[in-house]
Amino acid sequence: MARSILHIDLDAFFVAVEQADNPELRGKPVVVGGDPDGRGVVATASYEARVFGVNSGMPLRTAKRLAPHAIFLRGDFAKYGVASRKFHAILSDYTPLIASGGLDEAYLDLTGCDQISGTPIEAAQSMRARIRAELRLAASVGIGTSPMIAKVASNKAKPDGVLEVLPGTEAAFLAPLPLRDLPMLGESTEKRLNQIGITTLGQLARLPDAALEGLLGPHGAVVGKRARGIDLSPVGHDARAKSISREGTFASDVAEPEHLRAVLRGFSESVGADLRRDGRRARTVTLKLRFEDFTTISRSMTPRQPLNSNEAIFETANGLLEKIRAGERRPVRLIGVGVSNFVMDAVQLSLEPVASRKHESLSATFDRVRKKYGTRSLQTGRTAFDRATRDENSVFEKNTGLSSQMH
């Protein structure tokens, strides 16, 4: 039996939440991201702003130049989190097999759920109606036999629509689309394929796997299968994020090591809190730096033991920072830290020193105190907090020089 996979995506999510709170913003070019004269980037733009070429990830200064009359908002990520949780709660009424794709999107496996949810089209319309009634938000839905097909379909259904790709029509649906429409096909791969005259997914699908592996490496055959509409990935078996990260852009470039370490410490604590809340440990820590010319580098390290303490994350990230700065001392525009390669929170007995357990105990204490009294009730001397830990009267940006664009 063919699967029934649904991908649902809230349209222009951050902007839509702001418009739901303030209806006067509807129908106007609105950009969420922060100060248009600052160093941040666009988080989300309304469709009215996109008409002028404003897109997510674009520098705010560029957005202002393209749409000087747009309304620029800093954004309220706590408010967006509340809306996201309500959105996912609605989806949970339709199937237990759900994989969150982020705050504003999710995959649902509705295979065999007709008696509960109706046909996939009926389920999609029901979800969209509830989301509009309860959250005052619009959602676009794609339906297909795999997560990949459903994702492409939902993109084509935007804004505020539904598109179903029937079983057996996947390859025909994908064939005329440009390469960039295939999820996880990056810009560098697209350029390489363009060089040999491949510009559509139909052309890509006709290439033999052997030729694709010779051109793209071992992953080439997988790319070919996806271009033909073949995707067997499951939905809902582990819906949790595969990585946790924080990053921020400075209002002005920073060269002072202590300044960088202070922000890195704050990010490490925020990442660690999320990791422990989910009952997991991370095998890999990644540091990301972007310089004044937008050159971006990232370095990763995999310690001998999986970690979850604030101290272990920070020390690993700081070690990577020191290695980079040994040969690269240009001022930093953006800094970020992330963890990945998760395992469940269980530690094997070891004859090695257990100093790390003291750090883990201290981190757990931080979590308890902050949960009861607020994030800023307890901090280390050199901690700089990220947006996820700010309160309304925070002076975080003034103290660290970080712009409003935080992830």
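This is a predicted model: local features need pLDDT of at least 70, side-chain atom pairs count only at pLDDT 80 or more; totals for chains, interfaces and linings use all residues.
1. Some ground rules come first. Local features need pLDDT of at least 70 and side-chain atom pairs count only at pLDDT 80 or more, while totals for chains, interfaces and linings use all residues. Residues are numbered from 1 along each chain as its sequence is written, and side-chain values use heavy atoms, with hydrogens and water left out.

2. Start with strand 6, residues 105-109. Helices (H or I, at least four residues) and strands (E, at least two) are DSSP runs, numbered from the N terminus. Buried means under 20% relative accessible area, exposed means over 50%, and partly exposed lies in between (1.4 Å probe, protein chains only). E105, Y107 and D109 point one way from strand 6, and A106 and L108 point the other way.

3. Which strands pair with strand 6? Strand 1 runs antiparallel to strand 6, joined by 5 bridges, and D9 has E105 as its bridge partner. Strand 5 (residues 98-102) also pairs with strand 6 in the antiparallel sense, over 4 bridges; here I98 stands opposite L108. Two strands count as paired if DSSP finds at least two bridges between them. Strands 5 and 6 form a hairpin with 2 residues between them.

4. Now look at S4, in the segment before strand 1 (5-10). S4 is buried, with a relative accessible area of 18%. Leaving aside neighbours within four places in sequence, its contacts (heavy atoms within 4.5 Å) include L108 and D109.

5. K151 lies in helix 7 (residues 147-157) and E105 in strand 6, so the pair ties together parts that are 46 residues apart in sequence. A salt bridge is a side-chain nitrogen of Lys or Arg within 4 Å of a carboxyl oxygen of Asp or Glu. Are these two residues buried or exposed? K151 is buried at 17%, and E105 is buried at 13%.

6. The structure holds 25 salt bridges. One of them joins R132 and D160, with the closest N and O atoms 2.7 Å apart. R132 is in helix 6 (residues 120-135) and D160 in the loop between helix 7 and strand 8 (162-164). R132 is partly exposed at 42%, and D160 is partly exposed at 33%.
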